[in-house]
Amino acid sequence: MSKLVIHVGMPKTGSSSIQETLFDVGVCGEFTYADLGCANHGGVLRNVFSSVSSAHEADSQNTHDKKGGATLALSKLDEVRKLSGHQILSGEPVWHFSEAALLRMKHFFEDAFDEIQIVAYVRSPVSFMASAFQQLVKNHECASLDFNALYPRYREKFEKFDRVFGVDHVILRHFEPSLFPRGDVVLDFFHLLSGDVDVDLIKRVNESISLEATSVLFAYRKFVTQDGSSPRARKENRGLLSVLSNLEGRRLRFSREAVAPIIDANRKDIDWIEKRLGQAILDEGDVGYGVISSERELLDIALLQYSAVQNMVNRQSSLATPSLSRLVSLVDSLKTGLSAKDGEAVCEDGALLLHKRFFATLNDTAAPVQYVLRELAIAFERQGMFDEALAVLAQALKLSPEDASLTRAFKRVKRFAQVDGASH
C-alpha cells in the first residue's frame, strides 16, 4: 500500500529543521524524502498547484508549457508520482493554499498513492504572533506592528485540509517542545512516522534572533524604504541579519495587555482548534520587564542598542579592504557625526536649531527655493517638530514634485511623525 505524507508546517514550528534533516538523511522509517533537488518543497508545490494555469498543466501533463519554472516543478512532481511507494513532501506554503489549490494537489497525486496524509504542527497563538512578526521584520521589510494581522486564523487555515482530505487523514499536533522526545520537533516527526534518526544527524535551523536585534532591524525598516526584491538587496539583507544576530539579549515577547483584545476577538477560533486538537493551546502573553506592547516600546529598546551597533560598524570598517569609495564613505560619516555634535547654530529667538548649511544655502542666491525649504524642514525635524517639517516639505514638493530627495525626506519625516504621535 503506497502512501504520501505531506507536511505543511504551520510556519514557525521547526519546519526548516525537519526539512533539512530529511533532505540530508533521505529516509524516515519506511518513507523516503521526495527528491526535488531542495530541502523545502514549498516552492515546487506552489509553482504547480497555486494557480489555475498550473492546475491545467498538472491535469494535462503538458510539460511543453513556456512557463519554465512551473514546467520544471511539474516534471519533478511527476517523478514523485511515477515512483509512488512511501514518500514525504514538506513545504509551509501549502498551509496558505486555497481549498481549490489543495484539491488540485490531491487530484494530481491520488491515482499514484493509495493514501495521502497531511501532517501539521499547531503553535499557540501569542507565541506564533511573536515569531511571525520577527520573521516579517527579518525577511519582508515589515515596518509596522499590527497585532491583529499576526493572529494565525486557525479554522480558516486548517479546516480546508479536513474538507479536502478528510479528518481521518489530517494529523494535527500541538507544537509544544515539552511534549516532544528530548524536546525536539524533528524527533517527534520521525517518531510519528515510525522512523528514527541519530540525534547527531539532526540539522538545527534556529532562525530566531533576540528582542534587541529585532528592535534594531525594525527601526531600520521603519525609517529606510527599500526594495528587497532584487538579488543584491536579498544578499545585503542576509549579511545584515548575520551581523545583527550577534546582538544577544532577551526573547521577543508580546505583553498580555496588548494581545488580550486579539485573544478575546478570536475566542471561537481558539475553541475550534482546541476541540480539533483535543487539548488546550492558549497562551495569553507575558507580563513584566521587556515585554512589548507597542511600536514605541520596540523603538525605545532599539535606541538602547546604539553603542552596540556603533561598535559593530567600527569592527566591520576595520575589517574592510581599504578603497577610495570606502574612504569617502568614512569621511561622510565623520562629517555627519560632527554636524550632529556641534555643527548647528541657533537662530536669534533660540526656538529652532538650524544647521550652518541652512545659512549657506540661504545666502546662495542661485539655490532653488525648494532646497532652502528642505534645509528648513530638516531643522524642524531635528527639533521633533514633525508637523512643521511636513508642511514645509509639502510646499517644496509643490515647487518640484519630481525631486526624489524631497520625496524621500517627506516619507521619512512622515514615519517619524506617525511614531511620535503613537507614543503620546
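Contact here means heavy atoms within 4.5 Å. With that in hand, let's visit some close-up views of this predicted model.

**View 1. Helix 6 meets helix 12.** Two packed helices are described by the angle between their axes and the distance between the axes. Here the pair is helix 6, residues 125–139, and helix 12, residues 256–265. Their axes come within 11 Å and cross at roughly 120°. Angles of 65 to 115 degrees count as roughly perpendicular and those over 145 as roughly antiparallel, so helix 6 and helix 12 are oblique to each other. The crossing of helix 6 with helix 12 is right-handed. Look for Pro125, Val126 and Met129 on the helix 6 side, where they meet Val259, Ile262 and Ile263 of helix 12. By class, the residues of this contact are six nonpolar, no polar and no charged.

**View 2. Helix 8 meets helix 13.** Now find helix 8, residues 154–165, and helix 13, residues 267–277. The axes of helix 8 and helix 13 come within 9 Å, crossing at roughly 40°. That angle makes helix 8 oblique to helix 13. The crossing of these two helices is left-handed. Helix 8 brings Tyr154, Arg155, Phe158, Glu159 and Asp162 to the contact, and helix 13 brings Asp269, Trp272, Ile273 and Arg276. Sorted by class, the contact of helix 8 with helix 13 has four nonpolar residues, no polar ones and five charged ones.

View 3. Start at strand 4, residues 86–90, and pick out Gln87. Is Gln87 buried or exposed? Buried means under 20% relative accessible area, and Gln87 has 2% relative accessibility, so Gln87 counts as buried. Leaving aside residues up to four places away in sequence, Gln87 touches Lys3, Leu4, Val5, Phe31, Thr32, Ala34, Val80 and Phe113. Take Phe113 as one of these partners. Gln87 and Phe113 are 26 residues apart in sequence, and their C-alpha atoms are 9.5 Å apart in space.

View 4. A disulfide is a covalent bond between the sulfur atoms of two cysteines. How many disulfides does the structure hold? The count is zero. Zoom in on Cys28 and you will find a buried residue, with a relative accessible area of 0%. Cys142 has a relative accessible area of 13%. Because buried means under 20%, Cys142 is buried too.

Key:
Residues numbered from 1 in each chain as written. Predicted model: local features only at pLDDT ≥ 70, side-chain atom pairs only at ≥ 80, totals over all residues. Heavy atoms only, no water. Axes fitted to C-alpha atoms, helices over the stretch in contact; angles between N-to-C directions. Helix = DSSP H or I, 4+ residues; strand = E, 2+ residues; numbered from the N terminus. Parallel < 35°, antiparallel > 145°, perpendicular 65-115°, else oblique. Left-handed = near helix turned anticlockwise from the far one by under 90°. Nonpolar A, V, L, I, M, F, W, Y, C, P; charged D, E, K, R; others polar. Disulfide = S-S within 2.5 Å. Buried < 20%, exposed > 50% of the residue type's maximum accessible area, 1.4 Å probe, protein only.
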